[in-house]
Amino acid sequence: MRILLAGVAAIALSGCSFLGLGGNHDYKNYGYNAHTGDYGYQAHTPAPKPCQSNQCLSRWNLEAAVGPSFVVGGDAVTGDKANIEGLNNISMKDAYDTGFRAELGGSYALSPNRKITGNVFLDEAQSDGVQDWGTVAGEALTGSLSDYKSYGAELGVRQYFAPRSGLILKSVRPYVEGKLGAAHLDDVRIQGAELGGAAFSAVDIPFTESGWVGTAAGMVGVETPLTKYSTIALETGVRYTQGPKSDNSVLAPGFAIAGTNNGGSRTSIPVMLRGRYRF
């Protein structure tokens, strides 16, 4: 999955030029309309001077996005790495509900079809409740993990393709984007663990530590003008977040379920509604 994300990011960062898509040559005959947000055909020869005839490129943009984040990969519990046999792997998808993601940031236009982007984000998912961890000494072990909470920042490059007429909308502009960043993950604990129906521990068991990890994402979307100075976009893609450091303060070597906390990486598919206001 990391190789796939790296490939998607590389395509976006390169501008897909090797495919003949989205390179600057696609826009050599397109002018930017600062009143509508459209990139329309520039028929003037020679072209108007900068900031005349509404053909000015707005460099700075304020952006915000929000939407669900669907977990599709990664193990929350690594039973196959435990000290004892009989424990199960529990996927991130099973351990957590559909998440929520929000972003706030900005972008800077290098050219009419390429932007440098930056944002801060909040990404959270609630625990899906009690899970079957397998058996210890013939007894069923159950428990849940605390909620998944993270915040961080990302930098990226967004590459727009030529605008197209929409069936309902006046025009749409497809784009791809590659992002790299860092996320701070809250610590995770095992809650309400029971062995054979009896409490396995009187307190929550530390599972993974809080700390910073790397992130990578490859996104695709379509954007359309909303008002004179704003646009709205619908985007999706694949995002990978590295796993946190195991907390072995209790789950030390020799403990029955030690090794179950060696996962925690997360692959998700966000579906975001993104607004952009240009200055």
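Which residue in strand 12 is the bridge partner of Thr142? The bridge partner of Thr142 in strand 12 is Glu194, where strands (E, at least two residues) and helices (H or I, at least four) are DSSP runs numbered from the N terminus. The model is a predicted one, in which local features need pLDDT of at least 70 and side-chain atom pairs count only at pLDDT 80 or more, while totals for chains, interfaces and linings use all residues. Residues are numbered from 1 along each chain as its sequence is written, and side-chain values use heavy atoms, with hydrogens and water left out.

**The barrel**

- A closed barrel of eight strands runs in the order 3-6-7-10-11-15-16-17 with antiparallel pairing, two strands being paired if DSSP finds at least two bridges between them.
- Neighbouring strands of this sheet are turned against each other by 25° on average, direction ignored, with axes taken as lines fitted to C-alpha atoms (for helices over the stretch in contact) and angles running from 0 to 180 degrees between N-to-C directions.
- Strand 3 (residues 60-73) pairs with strand 6 in the antiparallel sense over ten bridges; in strand 6, Tyr108 is the bridge partner of Trp60, and Leu104 is the bridge partner of Ala64.
- Strand 6 and strand 7 run antiparallel and are joined by eleven bridges, with Lys115 in strand 7 as the bridge partner of Ala109, and a hairpin connects the two strands through two residues.

**Strand 12 and its partners**

- Strand 9 pairs with strand 12 in the antiparallel sense over four bridges, and the pair of Thr142 and Glu194 belongs to this region.
- Strand 12 also pairs with strand 14, in the antiparallel sense and over three bridges, and here Arg189 stands opposite Pro206 in strand 14.
- Strand 12 and strand 13 (residues 198-199) pair in the antiparallel sense over two bridges, with Leu195 opposite Ala198 in strand 13.
- The hairpin formed by strand 12 and strand 13 has two residues between them, and Gly196 in the turn has a positive phi of about 60°.

**Two loop residues**

- Ala137 is found in the loop between strand 8 (131-136) and strand 9 (139-145), and Ala137 has a positive phi of about 55° although it is not a glycine.
- Ala137 is exposed, with a relative accessible area of 79%, where exposed means over 50%, buried under 20% and partly exposed in between (1.4 Å probe, protein chains only).
- Ser146 lies in the loop between strand 9 and strand 10 and is buried, with a relative accessible area of 4%.
- The C-alpha atoms of Ser146 and Arg189 are separated by 5.4 Å, although the residues are 43 apart along the chain.

**Nonpolar core**

- The largest nonpolar core has 26 residues, and those with the most contacts inside it are Val77, Tyr96, Trp133, Leu145, Ile190, Phe207 and Ile257; such a core is a set of buried Ala, Val, Leu, Ile, Met, Phe, Trp, Tyr and Cys residues joined through side-chain atoms within 4.5 Å.
- The elements that each supply at least two residues of this core include strand 4 (75-77), helix 2 (92-95), strand 8 and strand 9, while the largest share, three residues, comes from strand 12.

**Cavities**

- The count comes to four cavities of 30 Å³ or more, a cavity being a set of points on a 1 Å grid over the protein atoms alone where a 1.4 Å probe fits but cannot get out, with lining residues having an atom within 4 Å of a point.
- The largest cavity has a volume of about 120 Å³, a volume being the space filled by probe spheres set on the points, which are joined across faces, edges and corners.
- Of the 13 residues that line the largest cavity, the closest to its centre are Tyr96, Val188, Thr208, Pro244 and Gly264, and the elements giving two or more residues to this lining are strand 10 (148-160) and strand 14 (205-208).
- By class, the lining of the largest cavity has nine nonpolar, two polar and two charged residues, with Ala, Val, Leu, Ile, Met, Phe, Trp, Tyr, Cys and Pro counted as nonpolar, Asp, Glu, Lys and Arg as charged, and the others, Gly among them, as polar.
- The second largest cavity holds about 40 Å³ of space, and its lining has one nonpolar, five polar and five charged residues, including Glu63, Arg158, Glu177, Lys179 and Arg274.

How values were computed
1 Å grid on protein atoms, 1.4 Å probe; cavity = no way out; pocket = protein on both sides within 12 Å on 5 of 7 lines; lining within 4 Å.
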